[in-house]
Amino acid sequence: MKKLAELTTTAHTSAERRAQACISIKHLSFSYKNTGGRQEDHVALRALTNISLAIEAGEYVTLLGGNGSGKSTLISCINGLLTPPSGTITVFTPDRVPLDPANEAHLERIRSLTGMVMQNPDLQIIGSAVEEDAAFGPENLALPKAEVSDRVTRALRAVGLASLRDRAPRLLSGGEKQRLALAGILALDARILIFDEPTSMLDSYSANAVLDLFDTLNSHGKTIIHITHSREEALRSRRSIVLRGGTVVFDGAPEAWTEHEEWRLPYTKKRPAFSGASASAQFQPPVRFFSVSHHYPRPAASPITGIRDVTFSVPHNSTVAIVGKSGSGKTTLLKHINALLLPSSGNVIVQGADTLDARVNLRTLRFKAALAVQSPEHALFETYIADDVAFGPENAGLKGAALIQRVKMAMDASGLPFSAFADRETTSLCGGEKRCAALAGVLAMDSDILLLDEPLAALDNTNKRRVMELMFEQQARGKTIIVTTHSLEMAALFDYVAVMDKGSLAAFGSPESVFGEYWNPAWGLILPETFQNTRRSPLHSTMRQPDVSSESPPAQPKRARARGKPLFRTALFGRFIDIDSPLRNLNPLVKMLALFIAGTLSIAGSLYVLPVVIPVVLMSGKFLGGIQFKALLRSAVAALPFLFLLVLFQTAFVWEHDASPILFQPCTDGFFSFFSITAAELHRSLTFICRITSFISVCSLYLAVTPLRETLSAISTLLSPLSRLGLPARDIAMIAGISLRFIPLLTEEAERIVMAHLSRGGKRGIRSSIAMLVPLLLLSLERAETLANAMLLRLYKTGS
């Protein structure tokens, strides 16, 4: 306690801080209105209570606290995304002018002083190229073009992206996206930089690069406020503020708090030594890979690393941690075990079943190997948490009291007590709570194999300990646990560690061997602290798993599924922009004009024109763009179930003045007597399908060979005459750009949602596709709101 007091008193007193503060908070309380659940439960939810603190200009402060402790709420009150009580928060300009985020007239100035980088940079990147995104804020300030260009150049140089200024953001790595988001606020000349868990989804190498950049910015006078759950990251700051239950429980030197009991290692476990005999009954591999490779459908512009020639076996009732840099193939590996992906070559055997064998029911197999996906927001399908947790066991046939008991057990074990969270809406959860809910949904399936993709990301230490204890409890019950993680400290507690490097299995063995004599710095990982002084081989030999199985690769099944065939058709958006072809090199204005003409003919042209438009589009794609017929038609085929529903709706009603012959009528009396298909209805339906198919093919061809930046440039050029008439041409172009960016975004979101749905035993078909529309719509609205907030924080306003 004496040392704690000494360390705490080294910081400035509260009064001294206020005299030099750039942010002053006095007696701040804030509540959300709870509109979920039953009407009688609609009460205010207190998020912050009597917060008083001050942050000096040039300080480096870490903001700590458990999931749901109020950290994000506090930050949102500072930058005005939430409206605090008037007079409780003051943000000072460099010349000491006080600004109140409760005053709408002050918000623009406050946001020019306080830049924020969100946890997921994808949600705040607005431009179609690196340079364009960094320029968004300065352009909103209506600065001269020369100054905008100078600010962008300096910002990109500061974050190390100057050489990538023309690259599309979607082609950047996770660390590069974080740097781009930071460049966007540096270009605003923001003096206070706020980071909301920016490293939670980064590998250790990328995370350290981002943290080094924070140190550099702070040394140049920037005020840093860094939200984190990491002890190591907290120790890089000079002051830590800790929230618990919406109140400040600590404010002082981080060394004092990080010695607190809460910061002990998440969990310690004495792992049993591996006894080794390859033929022994102790080694019953529930998962076996035999020379497995997977090649994703060609994204010509940005090849995605799959996996190459991976061979290993997982012993029964063991824990395996898969580590590696971002994009090294870790998630791809898990999806093969859950049969969401099928190998392009080689074989994957799960619980004795070959995933390529057409006789194997993949849905049944997924009940045996349940997968918790990396992004929890994609794994929550239902309105209420208990209903969502029940999704998997219900698919397995569990009902009644047994189902309720299973759900209660899973929620209680995951840190979301059934009594408190059963009737909470899934959208009301914070990021860490969503991850706990997704984990509960997988636990409720009671599978033999648990596959967890980054289970500790965005969790506080309390929940990390709970999840670690939960995994080892499941192992004690006879389960096999396989996880991916960026935390090598966590991996060191597992029975086995698998290292993925550029799609290949670089090492597989015990932590002592992988992090010891066989450690290779070329993997781009940072050695766990507990192994820093371990003696290592100078040869950095590639080390494989012990000889756990002498079996030869399995014979090919008599009835096999198509190898490497994706469960989902990826959109053509930008997939052929790096191929030198006549269509790719065509002037974007000419392509847009052709798109307008062909699209108009598809939608409004004569029915006799359609048989001409579709072949012209297909032939142009093949011979002028290098795109196969089936690739262009694939997007239209994917829309056929929804087109069928629209056609069914058209034929369900009698059209006025329809005197054409009735071709089909199930009955002439009774409930379905109203339903009939006439010749005119059939003609209209076929015309409708042809028009939509033609239009989708035209748009797919254009988007496949035209970079988004060229499209937006063409739109801006075409709309430029409107600006002379006083119309908001820039706003219209921006709306068009955001709409176009949502096309691949929604495609990816839909794919992730359906994958999460299938991984918990969901069925494929029209019914499940329709059911997925609701979470997709809700997620789209959530994304749109987050993007709108990002635009506000970068000073966007209509007509700026």
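Two strands are taken to pair if DSSP finds at least two bridges between them. Helices (H or I, at least four residues) and strands (E, at least two) are DSSP runs, numbered from the N terminus. The model is predicted: local features need pLDDT of at least 70, side-chain atom pairs count only at pLDDT 80 or more, and totals for chains, interfaces and linings use all residues. Residues are numbered from 1 along each chain as its sequence is written, and side-chain values use heavy atoms, with hydrogens and water left out.

**Figure 1. Overview of the chain.** The chain contains 29 helices and 22 strands. Of its 800 residues, 50% count as buried, where buried means under 20% relative accessible area, exposed over 50%, and partly exposed in between (1.4 Å probe, protein chains only). The accessible surface of the chain is about 36,000 Å², and 58% of this belongs to carbon and sulfur atoms. Accessible areas come from the Shrake-Rupley method with a 1.4 Å probe; for residues, only the protein chains shown count as cover. Among contacts in the chain with a separation of 6 or more, 71% join residues 24 or more positions apart; contact means heavy atoms within 4.5 Å.

**Figure 2. The open sheet of six strands.** The strand order is β16-β17-β18-β13-β19-β20, with mixed pairing. Because β16 (369-372) and β20 (504-509) stand at the edges, each with a single partner strand, one side of each is left without a neighbour in the sheet. From one strand to the next, the twist averages 15 degrees. Strands β17 (residues 449-453) and β18 (residues 480-484) run parallel and are joined by five bridges; Asp453 has Thr484 in β18 as its bridge partner.

Figure 3. Helix α17 (residues 431-443) lies across β16 and β17, and runs at about 160 degrees to β17. Helix α18 (residues 461-476) also packs on the sheet, where it touches β13 (319-323), β17 and β18. The direction of α18 makes about 150 degrees with that of β18. For these angles, axes are lines fitted to C-alpha atoms, for helices over the stretch in contact, and angles run from 0 to 180 degrees between N-to-C directions.

**Figure 4. The hairpin of β19 and β20.** Strand β19 (residues 496-501) pairs with β20 in the antiparallel sense over five bridges. Met500 has Leu505 in β20 as its bridge partner. Two residues lie between the strands of this hairpin, and Lys502 in the turn has a positive phi of about 55 degrees. β20 is mostly covered, with five of its six residues buried.

Figure 5. Five of the six residues of strand β9 (residues 239-244) are buried, which leaves the strand mostly covered. Strand β3 (residues 60-65) pairs with β9 in the parallel sense over five bridges, and Leu63 stands opposite Ile241 in β9. Strand β10 (residues 247-252) pairs with β9 in the antiparallel sense, also over five bridges. Leu243 has Val248 in β10 as its bridge partner. In the hairpin of β9 and β10, with two residues between the strands, Gly245 takes a positive phi near 60 degrees.

**Figure 6. The surroundings of Thr114.** Thr114 lies in strand β6 (residues 114-117) and is buried, with a relative accessible area of 0%. Leaving aside neighbours within four places in sequence, Thr114 is in contact with Asn79, Val91, Ala190, Ile192 and Ile194. Asn79 is 35 residues away from Thr114 along the chain, and their C-alpha atoms are separated by 6.7 Å.

Figure 7. Most residues other than glycine have a negative phi. Arg96, although not a glycine, has a positive phi of about 70 degrees. Arg96 lies in the loop between β4 (89-92) and β5 (98-99) and is partly exposed, with a relative accessible area of 38%. Leu795, likewise not a glycine, has a positive phi of about 70 degrees. Leu795 is found in the segment after α29 (766-793) and counts as buried at 4% relative accessibility.

**Figure 8. A nonpolar surface patch.** Leu593, Phe596, Ile597 and Leu601 make a nonpolar surface patch of about 400 Å². Patches are made of residues with over 30% relative accessible area and no salt bridge: like charges are joined within 9 Å, nonpolar side chains (Val, Leu, Ile, Met, Phe, Trp, Tyr) within 5 Å. A salt bridge is a side-chain nitrogen of Lys or Arg within 4 Å of a carboxyl oxygen of Asp or Glu. Ile597 is placed in helix α22 (residues 588-604) and counts as partly exposed, at 45% relative accessibility.
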